Amino acid sequence: MASLSSQPQFRYTQPPSKVLHLRNLPWECTEEELIELGKPFGKVVNTKCNVGANRNQAFIEFADLNQAIAMISYYASSSEPAQVRGKTVYLQYSNRQEIVNNKTTADIAGNVLLVTIEGQDARLVSIDVLHLVFSAFGFVHKITTFEKTAGFQALVQFSDAETATSAKNALDGRIIPRYLLSENISPCSLRITYSAHTDLSVKFQSHRSRDYTNPYLPVAPSAIDGSNQFNLGLDGKKLEPESNVLLASIENMQYAVTLDVLHMVFSAFGPVQKIAMFDKNGALQALIQYPDVQTAIVAKEALEGHCIYDGGFCKLHLSYSRHTDLSIKVNNDRSRDYTIPNPAMVNPQPSVLGQQPVQTMGHQYNGTQYAPGVQQQPTMPPQPSAGWGSSAVPPMPQPMMNNHNPYIPPASMPQMTPGMMQMPGLGGIPPFRPTHM
């Protein structure tokens with residue numbers, strides 16, 4: 001079979017017509033580009049852009065038949081091919097004698113949108129991000145994602161065509177807000193048309209399809225064990241399955257990190273149910289349990305690679321744990337179950353999960369607040385705590401970040417203290433709305 005580059009730029013299978021059919025056009029080729037291509041040969045009186053499944057075909061109509069013949073003849077004998085944006089364009093006579101701009105499926109308003117996610121990391125845009133974006137305009141019934149020649153695409157079903165049209169008009173051509181994507185994902189934009197579908201068929205809840213009207217729909221096995229191809233990243237490595245429990249590893253521990261510190265950091269993104277700290281391979285690690293996966297995802301994306309203290313100290317590395325419900329047998333300075341109101345605290349002693357580090361200060365926990373204890377080592381900075389206010393406390397490192405978490409109202413955030421990193425959400429980037437795109 002001949003390669004694409006060896007194919008002729010035109011075909012003689014159709015009799016001459018003043019309407020020419022163009023193939024292999026760049027994505028979203030404009031009417032102005034088509035007119036510019038045909039201008040040297042005559043007057044272009046009509047065009048039809050973005051035709052075909054991949055939207056890379058078009059028709060141009062000349063005022064006179066001889067003008068169309070001139071264009072075909074020129075490129076048949078020229079060593080320079082017809083090009084648009086540097087792409088070689090293939091020409092042929094159309095079997096129609098005029099362009100009738102009837103509305104295509106993509107032009108007829110419906111309740112289901114066809115969304116193409118454009119960008120280098122488009123595959124990594126999760127179905128949860130898409131749901132968050134489109135839910136700003138109304139209740140989303142179903143979402144399915146798939147890959148076609150045109151790229152990574154999704155079908156988004158609304159209740160009615162009016163809601164879908166509102167979302168399309170606001171989002172078409174826009175970039176997904178940066179704060180909804182993790183730092184490793186490059187900017188991605190949305191191209192939206194109407195779909196001929198009216199009711200999507202979703203048989204399983206998975207990473208590729210979701211039915212928000214049926215909470216009893218079975219979960220696909222691939223969504224549990226991560227065995228399908230969709231769970232591969234762009235580098236070919238398997239993407240870790242998401243979980244409501246995060247595994248935190250802390251490096252460069254120049255300052256002590258207590259259970260209370262971890263609770264303050266991670267509760268900025270939602271209620272922390274349980275925490276268990278332990279030592280492994282000479283490093284401090286912790287398991288942090290949230291009530292749901294989405295809260296854990298937000299916390300992981302916001303905190304991964306950031307430091308608790310200024311100066312690059314106590315850097316967090318986060319991954320998803322295989323655990324879903326931690327077993328906390330005793331509440332002490334190494335493990336705690338925050339779902340139990342006013343838990344009884346035992347004397348600090350080695351936890352069943354690991355050996356207790358050298359204690360640098362004491363804290364009394366009453367279930368809702370923190371109070372500073374007696375400082376045992378004056379040379380060490382005090383632990384971050386909502387109750388610090390003593391003038392005897394030595395200065396802490398300056399805050400590292402001033403980002404914001406759009407998911408958490410500022411009033412629900414824990415109070416921060418000098419030296420501790422500012423949690424995303426303190427300043428309050430507003431939740432995603434169409435006016436803030």
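Predicted model: local features only at pLDDT ≥ 70, side-chain atom pairs only at ≥ 80, totals over all residues.
**Overall composition**

The chain has 437 residues, and 45% of them count as buried. Its secondary structure consists of seven helices and 19 strands. Among contacts with a separation of 6 or more, 64% are between residues 24 or more positions apart. The accessible surface of the chain is about 21,900 Å², and carbon and sulfur atoms contribute 51% of that area.

Strand β1 covers residues 19–23. Five of its five residues are buried, so the rest of the structure largely encloses β1. In a regular strand, side chains alternate between the two faces of the sheet. For β1, V19, H21 and R23 lie on one side and L20 and L22 on the other, and all of these are buried, so that both faces are covered.

Two strands pair with β1. One is β3 (residues 57–62), which runs antiparallel to β1 over four bridges. Within this pairing, L22 has A58 of β3 as its bridge partner. The other is β6 (residues 90–93), also antiparallel to β1 and also joined over four bridges. Here H21 stands opposite Q92 of β6.

**S17, ahead of β1**

S17 belongs to the segment before β1. With a relative accessibility of 0%, S17 counts as buried. The side chain of S17 reaches the backbone oxygen of R96 at 2.7 Å. Setting aside residues up to four places away in sequence, S17 touches L65, A68, Y93, S94, R96 and Q97.

**Helix α1**

Helix α1 spans residues 31–38, and L34, L37 and G38 are buried in it. Viewed down the axis of α1, the buried residues fall within an arc of 90°, so they line one face of the helix. An α-helix has 3.6 residues a turn, so residues three or four places apart point the same way. On the other side of α1, E32 and E36 are exposed. The buried residues of α1 pack against β1, β2 (44–51), β3, α2 (65–77) and β4 (83–84). Strand β1 is therefore enclosed largely by the rest of the structure, and the buried residues of α1 are among the groups that pack against β1.

**Strand β8**

Seven of the nine residues of β8 (residues 140–148) are buried, so this strand too is largely enclosed by the rest of the structure. Strand β9 (residues 151–158) pairs with β8 in the antiparallel sense over eight bridges. In that pairing, T144 stands opposite L155 of β9. Strand β11 (residues 209–211) also pairs with β8 in the antiparallel sense, over three bridges.

| Residue | Relative accessibility |
|---|---|
| S17 | 0% |
| C188 | 1% |
| Q289 | 3% |
| C307 | 9% |
| Y309 | 0% |

Q289 is found in strand β14 (residues 283–289). Apart from neighbours within four places in sequence, Q289 is in contact with N244, V245, P271, V272, Q273, K274, T324, D325 and L326.

Y309 sits in strand β15 (residues 307–309). Y309 and V257 are 52 residues apart along the chain, and their C-alpha atoms are separated by 10.0 Å.

**Cysteines**

A disulfide is a covalent bond between the sulfur atoms of two cysteines. How many disulfides does a search of the whole structure find? The search finds zero. For C307, the closest cysteine sulfur is that of C314, at 8.0 Å, which is too far for a bond. The cut-off behind this reasoning is that the two sulfur atoms must lie within 2.5 Å. C307 is buried, with a relative accessible area of 9%, and C188 is likewise buried, at 1% relative accessibility.

Key. Residues numbered from 1 in each chain as written. Heavy atoms only, no water. Buried < 20%, exposed > 50% of the residue type's maximum accessible area, 1.4 Å probe, protein only. Polar contact = N/O pair within 3.5 Å; in protein donor to acceptor, adjacent residues only side chain to side chain. Contact = heavy atoms within 4.5 Å. Areas by Shrake-Rupley, 256 points an atom, 1.4 Å probe, with all protein chains shown as cover. Pairing = 2+ DSSP bridges. Arc of directions from axis to C-beta.
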